[in-house]
Amino acid sequence: MGGPRLRVTSVTISSPDPRKLAAFYSRLLDRPVTTSDGPRPGEPESAGWAQIRAPEGGGTTLNFEFEQEWKPPVWPAEPGTQNATQHLDIHVDDLETAVEHAVRSGAAPARQQPQADVRILFDPHGHPFCLCS
């Protein structure tokens, strides 16, 4: 195509407590939190930044950044509410076992499940994510 080579390497997720959310995804994905910074002067204790770096050889790095004006998204979307503008799709080998693991890690299943081979869950701060078989 002749243009520059572009490659997505990470996704940044806003959160009212990024270090707590990184700990959740660390448990969920069985990856260590590779960076964890506390709040800047004048910020609340829950502020900061954290990262779960992609494993060697590929994958996506997850970054978690503090959002002062956090409002959890509503899924499915409802008029006048904060909409989820993106979500993570996570491939799994065994859907039911993965759902059980996600719930033990701190996720909550969505009430509405529109597909047989996908389970929609919410992380501890309300971001939807999908487990896909």
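1. Start with Phe64. Setting aside neighbours within four places in sequence, Phe64 is in contact (heavy atoms within 4.5 Å) with Ile13, Pro18, Leu21, Ala22, Tyr25, Gly48, Trp49, Ala50, Gln51 and Ile52. A word on provenance: this is a predicted model, where local features need pLDDT of at least 70, side-chain atom pairs count only at pLDDT 80 or more, and totals for chains, interfaces and linings use all residues. Residues are numbered from 1 along each chain as its sequence is written, and side-chain values use heavy atoms, with hydrogens and water left out.

2. Phe64 also turns up in the largest nonpolar core, which has 21 residues; Tyr25, Phe64, Phe129 and Leu131 have the most contacts inside it. A nonpolar core here is a set of buried Ala, Val, Leu, Ile, Met, Phe, Trp, Tyr and Cys residues joined through side-chain atoms within 4.5 Å. Buried means under 20% relative accessible area, exposed over 50%, and partly exposed in between (1.4 Å probe, protein chains only). At least two residues of this core come from each of α1, β3, β4, β5, α2 and β8, and α1 gives the most, with 5 residues. Another core lies apart from it, with 6 residues, among them Val118, Phe122, Cys130 and Cys132.

3. Now strand β4. Helices (H or I, at least four residues) and strands (E, at least two) are DSSP runs, numbered from the N terminus. Of the 6 residues in β4 (residues 61-66), 5 are buried, so the strand is largely enclosed by the rest of the structure. Strand β1 (residues 10-15) runs parallel to β4 and is joined to it by 6 bridges, with Ser15 opposite Phe66. Strand β3 (residues 49-52) is antiparallel to β4, through 4 bridges, and there Ile52 stands opposite Leu62. For pairing, DSSP has to find at least two bridges between two strands.

4. Then there's an open sheet of 4 strands, in the order β5-β8-β7-β6, with mixed pairing. Its edge strands are β5 (88-91) and β6 (108-109), each of which pairs on one side only. β5 and β8 are parallel, over 4 bridges, and His91 stands opposite Cys132 in β8.

5. Helix α2 lies across β6, β7 and β8, running at about 5 degrees to β7. Axes are lines fitted to C-alpha atoms, for helices over the stretch in contact, and angles run from 0 to 180 degrees between N-to-C directions. In α2 (residues 95-105), the buried residues are Leu95, Ala98, Val99, Ala102 and Ser105. Looking down the axis of α2, its buried residues fall within an arc of 125 degrees (taken from the directions from the helix axis to the C-beta atoms), so they line one face of the helix. They pack against α1 (18-29), β7 (118-122) and β8 (128-132).

6. Just after α2, Gly106 has a positive phi of about 125 degrees.

7. Overall, the chain has 2 helices and 8 strands, in the pattern β-α-β-β-β-β-α-β-β-β along the sequence.
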